[in-house]
Amino acid sequence: MSAVVENPERTVEPTERRPARLAELFLLILALAAGISAFAMVGRSVTGELPADFWAVSLVLTGISVAAHVVLRLRAPWADQVILPAVVLLNGLGLAMILRLQLADTQGADAWAQMMYTALGAVIAILLVWFLRDHRWIRRLTYTAMLVGLGLVVLPLLPVIGREINGARIWVNIAGFSLQPAEFAKIAFAIFFAGYLVTNRDTLALAGKKVLGLQLPRIRDLGPIIIVWAASLAVLVFERDLGTSLLFFGLFVAMLYLATERFSWVLIGLVLFAAGALVAASVFPHVGARMDVWLHPFDNELYNAVGGSYQIVQGTFALAAGGLFGTGWGEGYPYLVPYAFSDFIYSSLGEELGLTGLLAILLTYLLIVQRGLRTAIAVRDGFGKLLAGGLAFVMALQLFVVVGGITRIIPLTGLTLPFMAQGGSSLLANWIVIALLLRISDNARRPSALPVRGTIAQGGAMHDPIVVGAHDGTTPGGGVPVRRPAADAPSRGSTPSHPTEAITPHRDDPRGTTGGEHL
Amino acid sequence: MNTTLRRLASVVMVMFLALMVSTTWIQFFHADELNSDTRNIRSIYAEYGRARGPIVVGGEAVALSKPVDDEFGYQREYADGKLYSPLTGFFSLANGTFAIEHAENDYLNGQADALWVDRLQNMLTGRDPEGSSVELTVDPKAQQAAWDGLGDQRGAVVALDPKTGAILALVSKPSYDPNDLASHSTKEAGEAYTKLLNADGNPLKSNATADAYPPGSTFKLITTAAALESGDYTPDTVIDAPPSYTLTGTSTPVGNFAGTSCASAGKMTLADALRISCNTAFLGLAGDLGADAMDEQAEKFGYGDKFQIPFSTAASVYDQDPDSMSTAQVELSGIGQGSVIATPLQVAMVSAAIANGGEVMEPYSVDTVRDPQLEVVRETSPTSLGRAVSEKTAGQLTEMMKSVVESGSGTSAQISGVQVAGKTGTAQHGADTSKTDPHVWFTGFAPADDPQVAVAVVVEDGGDLGGQATGGSVSAPIAKAVMEAVLNG
């Protein structure tokens with residue numbers, strides 16, 4: 001917790017003192033202790049000695065924690081202090097489980113690769129925090145992000161590089177490296193939606209008729225939502241990936257709701273998706289089969305069928321075997337479940353750490369998500385609000401889809417548990433998400449109205465990215481309409497990057513003539 | 001946007017709450033049920049990491065866990081697997097546990113409540129936990145004699161100590177080798193299991209305890225017991241024994257074996273009727289006694305009950321609904337046909353009860369359980385299931401059964417120097433009895449004056465002799481061999 005920001009809803013209390021980030025340091029020590037002791041325990045249990053990679057993984061985890069902490073101190077001192085320790089904890093526990101499975105000779109478990117990707121992800125996140133001084137700079141990438149996102153989505157469908165693994169065509173293979181582009185696409189889409197919606201929110205919210213108390217949007221404004229809906233269904237149908245399609249669509253609907261404050265969009269979105277999914281379930285056999293497995297996993301015929309319910313039933317057994325307190329690190333049989341180290345790491349953790357451990361893990365995720373949403377509430381610009389809200393929500397949604405799939409709230413899909421499941425794409429993408437959230441939270445909490453040497457009065461010579469943003473819609477691809485690119489923003493120590501709340505110090509994104517809240 | 005952000009935060013809370021509830025549901029509320037699902041091999045996996053106790057017969061281990069260098073640490077091995085599998089069952093990674101391996105699992109793996117002192121010692125001394133050994137009541141010579149006697153024929157042999165109910169021999173053919181199922185390769189073990197499931201004669205199902213056959217003329221012992229117990233009959237009571245008997249209310253005539261007539265006068269004593277196994281006499285006798293008396297007598301001998309020996313056996317059945325039996329059905333039941341079915345174990349228990357002066361002893365196969373330090377942690381004491389017939393009736397039945405072996409249908413069970421009591425049976429079965437060969441039975445005990453062993457033998461479809469087979473010709477010699485094996489110690 002920041003000692004500085006008492007109530008992030010209001011404009012921050014001005015202070016000159018930079019937070020020492022001691023809370024983060026303390027929490028990091030706890031997270032590292034949990035992770036490193038887990039590395040030791042899995043070795044003691046499985047082989048009776050410290051694992052060969054013990055020092056390497058411990059040093060890497062400690063190294064990235066220290067590096068990230070130092071960089072945050074230097075470059076984003078006001079950033080949220082809980083997010084990083086929470087991520088280190090999850091990443092460490094995930095690494096420990098993968099190491100444990102590797103020690104038990106589980107085919108496919110590769111703790112070394114996971115460690116390398118953890119390091120790489122953390123380094124990218126650190127660089128992002130270092131070089132991206134203001135999240136609003138990203139807004140110029142709005143339409144670039146859309147193209148990148150759509151490109152990433154279709155990538156697995158391309159011949160040669162596209163790979164179909166376990167029935168889902170969501171992989172690409174480039175130069176020997178497997179990638180799950182959807183993990184990165186979700187970030188691109190969040191950026192696109194944030195930029196697009198902050199520009200068009202009024203049209204979407206206000207134009208159109210009111211029917212049965214619902215403000216319906218105009219047909220022509222439905223264009224973008226139809227495109228995304230079609231893209232989600234395309235993912236569902238052609239890549240056979242219910243999870244990713246649900247993720248994209250949920251992200252868009254949530255951000256649309258955030259931006260327009262119109263519940264009608266949510267309703268339209270849900271109805272469209274449900275209809276699409278129902279049609280897909282009845283028309284495409286593989287979607288229908290997934291439904292059967294979801295509804296009757298313990299049916300013996302489905303259990304024994306190829307592509308049947310064997311995996312989810314075994315995962316459920318693993319969870320049950322864990323009970324309240326789990327078997328302890330290295331004492332269970334998590335490797336009996338196919339993909340115990342990636343898609344089903346949740347059940348592996350459940351078996352060895354028990355319900356207690358899983359609830360702690362869920363709460364840690366909840367902490368990250370709620371901190372992200374809090375950042376969204378606190379940050380002053382509409383783009384930042386939408387981006388932080390979207391990124392936080394997409395993590396919550398991903399967790400819901402993964403854990404909900406394993407615990408049978410919804411049909412099982414192939415998404416990964418952020419930071420824990422083995423997989424480079426997922427790790428890199430989620431570390432990037434964390435970097436963005438940290439950057440936005442620094443902006444949200446940074447004291448802004450300080451009279452700093454060399455600055456002029458409010459509303460003075462500083463650029464106003466919001467006004468600039470209003471032109472973004474007319475310059476697809478991001479252009480360079482910005483008078484003063486944020487990359488050139490004043491360096492550390494001065495604060496003139498937040499002039500906007502001086503003009504409208506209350507909650508929302510002021511948009512000149514139309515700005516403010518419309519309820 | 002802050003209003004909607006806060007609402008979104010609430011939605012996120014609800015989503016997480018749902019995940020916590022679903023996880024708790026599986027890990028806490030549903031865990032027991034999931035843990036006991038037969039497809040959940042975790043418990044077996046855990047047990048492969050322990051030194052499982054042996055199953056011992058006559059001082060030799062017939063099931064033993066040997067240390068091996070694989071992911072489990074121990075491999076279960078069965079000496080003479082096929083010979084003992086109806087008792088030992090199997091301990092299989094891929095297929096679960098069965099029979100004694102299942103029923104005595106807590107002792108074999110050392111997790112039984114009674115073994116807590118051992119576990120505490122292991123914990124304090126750092127000794128690796130070891131399971132207890134389970135010692136069976138089986139007499140290895142009798143078991144081998146039964147196995148050899150059946151040869152390649154299908155069927156079952158059960159031998160009991162009539163005074164205690166201890167199982168001295170229990171053989172079922174066709175049998176299976178539990179070593180095939182104990183393989184740590186789930187693929188091999190699974191394939192072996194599937195093969196056994198589809199094999200001719202269902203080797204996984206013990207003919208001795210899990211299969212019930214029509215008991216045929218061996219059931220005449222119960223009919224006779226019911227008659228004597230009614231007080232209206234003695235062994236010398238003369239009853240009708242016509243050449244052919246038309247079942248009441250039907251036009252179905254039932255004759256005697258090979259169409260012979262029992263007595264030229266059409267009448268004979270009850271003792272003679274049992275000695276030569278006269279069908280027509282017992283049809284009428286059962287009809288006179290009625291369903292209630294017959295059913296009650298059968299239940300006193302154990303019909304209708306499942307026994308835990310310690311694994312559960314099938315129940316023998318006199319009739320599913322005795323109250324609504326027609327007279328014809330009651331008459332048929334008198335010769336062990338119609339609705340009557342019995343396990344070989346039950347048939348042996350009838351002889352054992354008669355040998356034991358009318359008192360039925362609960363059958364059991366586990367004698368003692370010893371912990372790794374060879375201290376006895378459990379010992380089975382013989383338990384009475386109650387009296388089936390009076391001592392007087394038991395004595396009369398014994399005399400009649402002696403004459404069956406001396407000069408009746410069971411002469412090939414005679415043992416020189418020992419008085420043997422017995423009864424043969426040749427049971428028709430199948431929808432069209434003319435197309436299937438009969439199951440042939442022998443049950444009896446020896447020595448008649450001081451019974452040491454009671455036995456039941458069934459050979460399916462007449463065995464090697466097929467349609468020519470009788471209980472006397474095929475089953476009696478096997479019973480004789482088993483009884484000799486016990487008596488000669």
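Guide: Both faces of β7(B) are covered in this predicted model.

Visitor: Which residues of β7(B) are on one side and which on the other?

Guide: B:Gly155, B:Val157 and B:Ala159 lie on one side, and B:Ala156, B:Val158 and B:Leu160 on the other. In a regular strand the side chains alternate between the two faces of the sheet.

Visitor: Why is β7(B) called mostly covered?

Guide: A residue counts as buried if 20 or more other C-beta atoms, placed from the backbone, lie within 10 Å of its own; 12 or fewer make it exposed, and anything in between partly exposed. In β7(B), 6 of its 6 residues are buried, so the strand is called mostly covered. For chain B, buried residues make up 54% of the 489 residues.

Visitor: How many bridges join β7(B) to β19(B)?

Guide: There are 6 bridges, and the strands run antiparallel. B:Val158 has B:Ala456 as its bridge partner in β19(B).

Visitor: Why are β8 and β17 of chain B said to stand at the edges?

Guide: The open sheet has the order β8-β7-β19-β18-β17 in chain B, with antiparallel pairing. β8 and β17 each have a single partner strand, so one side of each is left without a neighbour in the sheet.

Visitor: What packs on the sheet?

Guide: Helix α8 (residues 140-150) of chain B lies across β7, β8 and β19, at about 25° to β8(B). Helix α15 (residues 344-355) of chain B touches β7, β18 and β19, and its direction makes about 150° with that of β19(B). Contact requires C-beta atoms, placed from the backbone, within 7 Å. Axes are lines fitted to C-alpha atoms, for helices over the stretch in contact, with angles from 0 to 180 degrees between N-to-C directions.

Visitor: How are the numbering and the confidence limits set?

Guide: Residues are numbered from 1 along each chain as its sequence is written, while chains are lettered from A and ligands numbered from 1 in the order in which they are written. In this predicted model, local features need pLDDT of at least 70 and side-chain atom pairs count only at pLDDT 80 or more, whereas totals for chains, interfaces and linings use all residues.

Technical notes
Pairing = 2+ DSSP bridges. Helix = DSSP H or I, 4+ residues; strand = E, 2+ residues; numbered from the N terminus. Contact = placed C-beta atoms within 7 Å.
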